[in-house]
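Colleague: I have a model open here and some questions about its side chains. Can we go through them one by one?
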Amino acid sequence: MIVRADYHMHTKFSGDSKNELESIVKKAIEIGLEEIAITDHGPAHNGYGIKKENYPILRADIDKLNLKYPQINILLGLEANILGINGEIDIDEEMWQMIDWVNAGYHFGSNLKKDYKIHIYNILSKFSKHFYEKAKKINTIAMVTAIEKNKINMVTHPGAKGPIDIDAVAEAAANKGTLLEINNSHGHLTIEEIKAAMKYPVNFAVCSDAHEVKNVGSVSNALDRAYIAGVDKTKIYNVK
């Protein structure tokens, strides 16, 4: 399988990355990618989120680089945060007008005042079966509702930051045409989760989640898990 695109990577506008945008683009061209999405953390993340005033700057920079490097298509995206069980994500109307590609996932540290109970459940789920089941239920409701209520291109690393019912998430994603990410940097989707998701007509994407330029387009771990799980390449959106 040849990877043609990478839809999950971060620039210096995410607090946990130092990547310069043009360096990312040059790396993507060097390794033969046809398309990339720049997906910094959503602004509701208290530690790593892009500042809303920087989003128009990123839009303008991407527009300039699309003219400079016509051999690759650069999309302005966001790794939006799923905020609570009501399906809210941190993209406001102004951002919706600028955005090309929407990722969404759960992250500890987003909207701490409002979602503190979810964060506590996910922390305690590592130590308690009781809280594991509570976290799994609330995470699943939040993720499924977000998929149903928003135009989301891809759910990022489902299950990596807190347990989910993969059957419910995969069914919702299949119904809405939302991709499920097989994330190269995290362990999710796991082989077992991929197999479970394959019971539904859902499509996947293998993405790097690159926080360093050298990792842009690096998806070998994700491809290995997809291969072992038996995913047909026609079900992986960004390979050919």
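Modeller: Start with lysine 129, which counts as exposed because its relative accessibility is 59%. Exposed means over 50% relative accessible area, buried under 20%, and partly exposed in between, with a 1.4 Å probe and protein chains only. This is a predicted model, where local features need pLDDT of at least 70, side-chain atom pairs count only at pLDDT 80 or more, and totals for chains, interfaces and linings use all residues. Residues are numbered from 1 along each chain as its sequence is written, and side-chain values use heavy atoms, with hydrogens and water left out.

Colleague: Which residue does lysine 129 form a salt bridge with?

Modeller: Glutamate 133, with the closest N and O atoms 3.0 Å apart. A salt bridge here is a side-chain nitrogen of Lys or Arg within 4 Å of a carboxyl oxygen of Asp or Glu. Lysine 129 and glutamate 133 are four residues apart in helix 5, so about one helical turn separates them. Helices (H or I, at least four residues) and strands (E, at least two) are DSSP runs, numbered from the N terminus. Glutamate 133 is partly exposed, at 37% relative accessible area.

Colleague: How many salt bridges does the structure hold?

Modeller: Nine. One of them is between the side chains of glutamate 22 and lysine 68, at 2.7 Å, N to O. That pair links distant parts of the chain, with glutamate 22 in helix 1 (residues 21-30) and lysine 68 in helix 2 (residues 55-68), 46 residues apart. Glutamate 22 is partly exposed at 27%, while lysine 68 counts as exposed at 52%.

Colleague: And lysine 52, which side chain does it meet in a salt bridge?

Modeller: Aspartate 92, at 2.4 Å, N to O. Lysine 52 is in the loop between strand 2 (35-38) and helix 2, and aspartate 92 in the loop between strand 4 (88-89) and helix 3 (93-98), so the pair ties together parts 40 residues apart in sequence. Lysine 52 is partly exposed, with a relative accessible area of 44%, and so is aspartate 92, with 22%.

Colleague: Change of topic. Which residues form a nonpolar patch on the surface?

Modeller: Phe108, Leu112, Ile123 and Phe127, with about 430 Å² of accessible area together. Patches take residues with over 30% relative accessible area and no salt bridge, joining like charges within 9 Å and nonpolar side chains (Val, Leu, Ile, Met, Phe, Trp, Tyr) within 5 Å. The areas come from the Shrake-Rupley method with a 1.4 Å probe, and for residues only the protein chains shown count as cover.

Colleague: Where is phenylalanine 127?

Modeller: In the loop between helix 4 (116-124) and helix 5 (129-149). Phenylalanine 127 counts as exposed, at 69% relative accessibility.

Colleague: Now helix 6, which residues are buried there?

Modeller: In helix 6 (residues 166-176), Ile166, Val169, Ala170, Ala172 and Ala173 are buried. They cover an arc of only 165° around the axis, so they sit on the same side of helix 6. The arc is that of the directions from the helix axis to the C-beta atoms.

Colleague: What do the buried residues of helix 6 pack against?

Modeller: Helix 5, strand 7 (179-183) and helix 7 (191-197), where contact means heavy atoms within 4.5 Å.
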